[in-house]
Amino acid sequence: MERTSLLWRERELDRLKTMLHARKSFLLYGPVGVGKTVLISSAVVGFPNMLVCTACSSVKNFFVQLVAALAERKEKSVVGSLGSTSLVAVKSKSTVALKGIAARALVSHSHTVILDQLGFVSHTFATAIRHFSSETNTPIVAIGRSVHMEDIGFIANMFPDKSERMEIKNFDSACATEFATGVVNKYGIHADNLQEVIHKIVEFSDGNPGAMLWMAQMASKRSTGQIRCR
């Protein structure tokens, strides 16, 4: 999902920045391809203390990524505990040791942890994240596909209130048409029935920007000057 989608996301971007300023944990959710990662990446510009953990699959993986991110920033207490900034040094530590290292680094700093591309989170993993957030006063921004447990698992229980959730939806028809027109032009798609092509891209994608990009890319590879929508 590319950053051109931000042209239609000013309202969401402003709200996201407000929520980040508040330093409260929240869930950012929406379907695959809607642009959640692009949006959060743009919103955190100007927020220097953001730590991103991507596709965490276990408690150990979470703390490995967290400590690695802190080591990359050369946090003194982290480098002192590891004796290095290398990923090998981080992975050599136990989960308990990594949790202690991360806690000592974060307890006196105003960081926010972003959990991007969340899949199903186990009860054990969700409990560890919740306790760590509480113990270190570190907000957690979780990014997933929905608010439902079947998509994001037990971490859904961290965000029971609507004020703790922010949904990113597919574009409405007007925005989707503008976006589709832009990506069709970007990929140099030419056809006698170009408006029909754009209409079908919008229709079949249901306004999902990632899907529209993929369809335009596929169409550009197959295009020989004529595209027919059936």
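Here is a friendly set of questions and answers about a predicted model of one protein chain.

User: What share of the 230 residues counts as buried?
Analyst: A residue is buried when its relative accessible area is under 20%. The protein chain exposes about 11,800 Å², with carbon and sulfur atoms supplying 53% of that area. Of its 230 residues, the share that counts as buried is 45%.

User: Which element gives the most to the largest nonpolar core?
Analyst: That core has 37 residues, and Phe62, Phe63, Leu66, Val67, Val78, Leu115 and Ile155 touch the most other members. Elements giving two or more residues to this core include β1 (26-29), β2 (50-54), α4 (76-82) and α6 (95-106). The one that gives the most, with 9 residues, is α3.

User: Leaving aside neighbours within four places in sequence, which residues is Phe63 in contact with?
Analyst: Phe63 is among the residues that touch the most other members of the largest nonpolar core. With neighbours within four places set aside, the contacts of Phe63 are Thr95, Leu98, Lys99, Ala102 and Phe132.

User: Is Leu70 buried or exposed?
Analyst: Leu70 has its place in helix α3. Beyond its neighbours within four places in sequence, Leu70 is in contact with Leu51, Glu75, Val78, Ala102, Ala105, Leu106 and His111. Because its relative accessible area is 0%, Leu70 is buried.

User: And Gln195, buried or exposed?
Analyst: Gln195 lies in helix α10, residues 194-205. The C-alpha atoms of Gln195 and Glu72 are separated by 49 Å, and the two residues are 123 apart along the chain. With a relative accessible area of 59%, Gln195 is exposed.

User: How many disulfides are there?
Analyst: A disulfide needs two cysteine sulfur atoms within 2.5 Å. For Cys56, which is buried at 8% relative accessible area, the nearest cysteine sulfur is that of Cys53, 4.6 Å away. Cys56 is in no disulfide, and the count for the model comes to 0.

User: Where does Ala55 lie, given its positive phi?
Analyst: Most residues other than glycine have a negative phi. Phi of Ala55 is near 50°, and Ala55 counts as partly exposed at 40% relative accessibility. Its location is the loop between β2 and α3.

User: What value does phi of Asn137 take?
Analyst: Asn137 has its place in the loop between α7 and β4. At 59% relative accessibility, Asn137 counts as exposed. Its phi is positive, in a residue other than glycine, with a value near 55°.

User: Finally, how far apart are the centres of the positive and negative side chains?
Analyst: The protein chain has 27 positive and 19 negative side chains. The centres of these two sets lie apart by 9 Å.

Methods:
Residues numbered from 1 in each chain as written. Predicted model: local features only at pLDDT ≥ 70, side-chain atom pairs only at ≥ 80, totals over all residues. Heavy atoms only, no water. Core = buried A, V, L, I, M, F, W, Y, C linked by side-chain atoms within 4.5 Å. Buried < 20%, exposed > 50% of the residue type's maximum accessible area, 1.4 Å probe, protein only. Helix = DSSP H or I, 4+ residues; strand = E, 2+ residues; numbered from the N terminus. Contact = heavy atoms within 4.5 Å. Areas by Shrake-Rupley, 256 points an atom, 1.4 Å probe, with all protein chains shown as cover. Lys, Arg positive; Asp, Glu negative; His and termini not counted. Charge placed at Lys NZ, Arg CZ, Asp CG, Glu CD.
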